[in-house]
Amino acid sequence: MSAYARDRAVVLGAGMAGLLAARVLAETYAHVLVVDRDQLTGVTGPRRGVPHARHAHALLARGQQILNELFPGLDDELTAAGIPAGDISGNLRWYFNGRRLSPVHTGLVSVSATRPVLEAHVRARVAALSRVEFRERCVIRGLAASSDRTRVTGVLLQDEDGSGAEEVVEADLVVDATGRGSRTPAWLEELGYARPREDRVKIDLAYTTRHFRLKEDPYGTDLSINPVASPANPRGAFFPKLADGSSQLSLTGILGDHPPTDDEGFLAFAKTLAAPEIYRAIRDAEPLDEPVTFRFPASVRRRYEDLRRFPDGLLVIGDGVCSFNPVYGQGMTVAAMEAMELRDHLHGSARPGGLAFFRGISSILDVPWDLAATADLNFPGVQGPRTLKVRMGNAYMARLQSAAAHDGELTGAFFRVAGLVDSPQSLMRPSVALRVLRGGSQHGVAGRAAA
């Protein structure tokens, strides 16, 4: 198929999933329109449509690799902008089950950019593409469809202030990248199709985030200090230093144990973390803003791949398909992996089909979904089936993390899997399993999996 054999694609949503979708669509569509309700021009801070952008975010190693493939030189661009970068397990300080993992350099890059800053750089790259156009401050009213409702033919748009009439923008393909609040299930029902069934893992998680100017440096050569929640201590945090010299502290609490927003409560919560240096760093630090909270009730996976019918001309990508517990940092990376699947799908098919695409990304989603759901089910209060696979997985992971406190090779192996670079099966290789068994037996296992 020749390049640009298709006419117009419309992407709903200008978050990371929408931007990456627009980037790959521009390879095969003559015109790509990206629509968003927010103002985008000149915006480098949090915006209304991405409320969780005020909190700590992570781009996993596989996501970093994909972004550099799609946007050559992006790493150098971020470095030139003064954004710190380092090794994911060599320059980040990780605590699991109350123990600090032994650091090791893996060659996997972590960029210490906030979500709005990273998104702004990617958005600028996408906006520079001659075939991409942005329409901001625009409300999506619904879909347009053929008379027999077998094909989506465009979208209904209106200016945010409601001053103009609804406008139908015709499209050969509409990609819904509007995130967790995606209305595609309701739109399907309106067109006479079934909604996708949903898998849910209820976690009742909350982040509370505040920025500080520290008096003393707790980092050394590290970019961030990250005590991860465990069954023994279900409170966690991400504490990166930022490009402007300030520090961002995102406290996390699961199952209703939410970090407070008052000064005393915030500080008291930080004192309970597995990394005591965080409390010591902020107790006398200068707060730069007021704490803000973001709640995340449940991880949700919509099983579009199981539908028997789906209209032509419509796809869903990103959190609208699968929304993960954000503490695992999988969302942006999975969106990047889905964009690469979309790229292959567009180049390999003269007429993109929704069900074929959803079946293609299903295998991508299986690994991060299983990793996150299994880890969440390690907390006794999280409801869900604790199969033999889940119980054995959590027991083995607790042993691996215990051994990794003294074995940097295991730290590296773990982060290659957590970073979605290697498959989980790589942790079961004989050479790895032997180190796990030796290390776990020698040093004991903290934070055993819940029964």
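Visitor: What order do the strands take in the open sheet, and what is the pairing?

Guide: The open sheet has 5 strands in the order β7-β2-β1-β11-β18, and the pairing is parallel; strands here are DSSP runs of E with at least two residues, helices are runs of H or I with at least four residues, and both are numbered from the N terminus. Two strands are said to pair if DSSP finds at least two bridges between them. This is a predicted model, in which local features need pLDDT of at least 70 and side-chain atom pairs count only at pLDDT 80 or more, whereas totals for chains, interfaces and linings use all residues. Residues are numbered from 1 along each chain as its sequence is written, and side-chain values use heavy atoms, with hydrogens and water left out.

Visitor: Which strands stand at the edges of that sheet?

Guide: The edges are β7 (132-135) and β18 (314-316), and because each has a single partner strand, one side of each is left without a neighbour in the sheet. From one strand to the next the twist averages 20 degrees, with angles taken between N-to-C directions on a scale from 0 to 180 degrees, and axes being lines fitted to C-alpha atoms, for helices over the stretch in contact.

Visitor: Moving on, how does β9 run relative to β8, parallel or antiparallel?

Guide: Strands β8 (residues 138-145) and β9 (residues 152-159) run antiparallel and are joined by 7 bridges, with Ile140 bridged to Leu157 in β9. The two strands form a hairpin with 6 residues between them, and in its turn Arg149 has a positive phi of about 60 degrees. β9 is also joined by 4 bridges to strand β10 (residues 167-170), again in an antiparallel run, and there Leu156 stands opposite Val168 in β10.

Visitor: What about β4, how many of its residues are buried?

Guide: In strand β4 (residues 92-96), 5 of its 5 residues are buried, where buried means under 20% relative accessible area, exposed over 50% and partly exposed in between, with a 1.4 Å probe and protein chains only. In a regular strand the side chains alternate between the two faces of the sheet. Here both faces are covered, with Leu92, Trp94 and Phe96 buried on one side and Arg93 and Tyr95 buried on the other.

Visitor: Which residue of β13 is the bridge partner of Trp94?

Guide: That partner is Asn226, and β4 and β13 pair in the parallel sense over 4 bridges. With strand β5 (residues 99-100), β4 pairs in the antiparallel sense over 2 bridges, and Tyr95 has Arg100 as its partner in β5. The hairpin of β4 and β5 has 2 residues between the strands, and Asn97 takes a positive phi near 55 degrees.

Visitor: Where does Tyr219 lie, and is it buried or exposed?

Guide: Tyr219 lies in the loop between β12 (198-213) and β13 (224-227), and at 3% relative accessibility Tyr219 counts as buried. Leaving aside residues up to four places away in sequence, Tyr219 touches Arg93, Leu214, Ser224, Ile225, Phe239, Pro240, Lys241 and Ser247, a contact being heavy atoms within 4.5 Å.

Visitor: Now the helices: at what angle do α8 and α9 pack?

Guide: Helix α8 (residues 331-348) and helix α9 (residues 354-376) pack at an angle of about 150 degrees, with their axes 10 Å apart. That angle makes α8 roughly antiparallel to α9, since angles under 35 degrees count as roughly parallel, over 145 as roughly antiparallel, 65 to 115 as roughly perpendicular and the rest as oblique. The α8 residues in the contact are Val334, Met337, Glu338, Glu341, Leu342 and His345, and those of α9 are Ala356, Phe357, Gly360, Ile361, Ile364, Leu365 and Pro368. They divide into 9 nonpolar, 2 polar and 2 charged, with Ala, Val, Leu, Ile, Met, Phe, Trp, Tyr, Cys and Pro counted as nonpolar, Asp, Glu, Lys and Arg as charged, and the others, Gly among them, as polar.

Visitor: And how do α10 and α11 cross?

Guide: The axes of helix α10 (residues 388-404) and helix α11 (residues 408-418) come within 7 Å and cross at roughly 135 degrees, which makes α10 oblique to α11. Met397, Leu400, Gln401, Ala403 and Ala404 of α10 make the contact with Leu410, Thr411 and Phe414 of α11.
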